[in-house]
Amino acid sequence: MVGSPLGITAIAVALVAVAAILVPVGLNALGCGETRYLRVSTTQSMAPVLREAASEFNAGSSSYGGDCVYAQVDEIAPHRIMSAISGTRPDDSTIAPHVWVPESSAWVELARVSAEGAHGIETDPPSLAASPVVMAAPADSEGLPGGNEAPWTTILPEELDPDRQVVMVDPNRGADGMAAMYAIRDHLGTGDDADTDMTDFVRDVQQDSAFGEIDLRTFYSGSEAAQERRDPLTVVPEQEVVDYNTTRPDSAPSLEAYYPEEGTVRLDYPYVTTTENPDLRSAAADLYEVVSGDAHRDRMRELGFREPDGSPTPTLEGRSGIVSDGHEVHGGLTGDALLDSVNDWNRLSMPSRALVLADTSENMEEDLNGGPSRIDAAREAARTGLQLFPDETDMGLWMLSEEFGEQGRDEAAEMHQLGATDDADVTRRQELAEVADTIEVEGGQSRLYDNMLDAFDEVQDNYHEDKINSVIMLTAGIDDGSSNLSHQELVETLQDRFDPERPVSFFIIAFGNEADEAELQSIASATSGSAFVTDDPDEIGDIFLSSISRRLCVPDCD
């Protein structure tokens with residue numbers, strides 16, 4: 001048993017448990033009234049230093065108010081800490097620390113947005129170290145600029161030539177991800193075209209985004225499988241590159257840090273005291289004196305961190321792939337820009353719940369400027385949409401025509417997640433793709449307006465708070481009086497039923513110049529949605545991205 005991995009794990013767990021018991025017993029033997037724990041939370045990269053400092057602090061057997069205080073260091077994701085200390089009663093939280101060392105003061109600023117978070121958090125915490133956010137890839141990677149500078153636009157989809165992964169941390173979980181979002185938004189600017197380009201960027205990087213600190217060893221392992229695929233471009237702190245290059249196996253490639261030409265964000269690793277208890281605040285101050293001492297500062301330098309003011313350390317000189325000085329940093333990732341960078345990501349990456357309406361009336365038979373028919377364009381649009389939406393999307397399909405009976409529709413597919421499988425391991429995405437391929441003109445009129453209202457009610461009645469709820473319409477845009485509702489009645493009813501707190505929006509793609517764009521736009525606008533009329537099937541992909549980008553303004557779109 002002892003020789004097995006399970007046995008070793010059991011012994012390790014037992015030793016940790018014994019240590020946890022012996023420490024308070026030993027401290028009580030020294031005359032402590034009670035043993036109290038100073039909870040310290042930090043990042044994976046900073047944890048080794050703080051654990052060593054905590055051991056030194058604990059060896060001093062310090063007493064505060066008659067109680068001995070023992071420092072415990074944990075690695076807990078910063079977004080979880082931010083939520084804990086921003087709660088209504090942070091002192092009651094089981095994970096809220098007394099000392100918090102996130103990778104960036106951006107987290108402190110986000111926490112202070114709430115009244116509870118601001119209460120008791122230092123306004124100007126000292127910095128333990130610094131590290132600029134960089135882009136990283138193996139030296140001499142194809143398609144990347146020479147030297148150690150590259151524009152932030154290098155991570156945009158159209159700039160990735162040859163095509164490669166872009167890996168960055170989810171901006172909800174890392175300030176380096178926030179920095180990338182801020183930089184791309186700053187480059188793209190504002191407006192509909194900018195929002196469409198931002199949507200394209202988020203869609204591209206979302207599937208490879210990390211949900212915690214990035215371990216570069218998992219992407220550049222040097223294994224046969226890693227060597228067979230194109231190396232990704234990662235957005236990480238410079239310190240991660242230094243640490244990787246220092247400890248990588250010989251088979252793994254050396255990485256180059258690319259410093260953004262436009263300037264980058266400096267991570268500052270603030271030492272934040274979050275407790276209001278005077279004894280624990282005193283203990284936190286003493287722990288700071290320990291960790292900021294020469295021995296532990298030297299340890300931070302060895303791990304690749306810079307000095308707190310961002311200046312290079314002697315250990316950075318001559319490090320492979322690193323430029324020790326000369327790069328530009330800025331303080332733009334604050335205030336509204338900070339919140340916008342996170343909000344943009346959340347709105348664009350949030351899962352969807354979409355009911356697709358496919359017009360199969362006789363109006364879909366017409367050709368588009370002598371090219372494919374409207375129904376062909378609708379089929380292509382359905383295929384494109386299925387490719388754009390992630391597995392977490394709930395999607396259903398109605399096909400519209402009077403030929404389907406009194407309601408004028410065939411509810412061909414109920415709402416299910418695209419990634420869900422049936423008993424035969426067929427995904428809903430595959431199922432809908434097969435249905436889309438068989439969509440044909442059924443004839444008759446569309447009963448467009450009646451079905452649009454029914455679809456709106458269906459999605460609203462089954463609203464999901466954690467998803468973007470919408471109706472996607474692929475149509476010729478012609479009702480021809482086939483509905484009981486008039487156009488004006490539909491618009492007024494939608495305006496009356498639209499709830500900004502639970503928005504359901506129409507995204508309409510109409511094929512051919514017979515569609516009344518103004519009428520369709522008034523329907524979409526009643527739900528903070530959008531309408532596009534096209535006779536060019538090649539525009540469908542861009543139209544979908546433009547529609548998705550409307551998430552950034554819902555429920556207040558013009």
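Colleague: Is helix α3 mostly covered or mostly open?
Modeller: Mostly covered: 6 of the 8 residues of α3, which spans residues 78-85, are buried. Buried means under 20% relative accessible area, exposed over 50% and partly exposed in between, with a 1.4 Å probe and protein chains only. Helices (H or I, at least four residues) and strands (E, at least two) are DSSP runs, numbered from the N terminus.

Colleague: Which residues of α3 are buried?
Modeller: P78, H79, I81, M82, A84 and I85.

Colleague: What should I know about the model and the numbering?
Modeller: This is a predicted model, where local features need pLDDT of at least 70 and side-chain atom pairs count only at pLDDT 80 or more, while totals for chains, interfaces and linings use all residues. Residues are numbered from 1 along each chain as its sequence is written, and side-chain values use heavy atoms, with hydrogens and water left out.

Colleague: How many helices and strands, and how much of the chain is buried?
Modeller: The chain has 18 helices and 18 strands. Of its 558 residues, 53% count as buried.

Colleague: What box do the C-alpha atoms fill?
Modeller: Roughly 90 × 55 × 55 Å, taken along the principal axes.

Colleague: On to the inside. Which residues have the most contacts in the largest nonpolar core?
Modeller: L38, M46, I155, F201 and Y271, in a core of 78 residues. A nonpolar core here is a set of buried Ala, Val, Leu, Ile, Met, Phe, Trp, Tyr and Cys residues joined through side-chain atoms within 4.5 Å. Helix α6 (residues 175-188) gives this core its largest share, 9 residues.

Colleague: Which residues does I155 touch?
Modeller: Leaving aside neighbours within four places in sequence, I155 is in contact with M135, L160, V166, A180, I184, F201, L233 and V235. Contact means heavy atoms within 4.5 Å.

Colleague: What about a second core?
Modeller: There is a separate one of 31 residues, with V356, I375, A378 and V435 among them.

Colleague: Back to L233. Where is it found, and is it buried or exposed?
Modeller: L233 is in strand β8 (residues 233-237). It is buried, with a relative accessible area of 1%. Among its contacts beyond four places in sequence are M135, L144, I155, V166 and Y220. The C-alpha atoms of L233 and M135 are separated by 6.7 Å, although the two are 98 residues apart along the chain.

Colleague: Cysteines next. How many disulfides does a search of the whole structure find?
Modeller: It finds 1. That disulfide joins C553 to C557, with S to S at 1.9 Å; the criterion is a pair of cysteine sulfur atoms within 2.5 Å. The link is right-handed, with 95° about the S-S bond.
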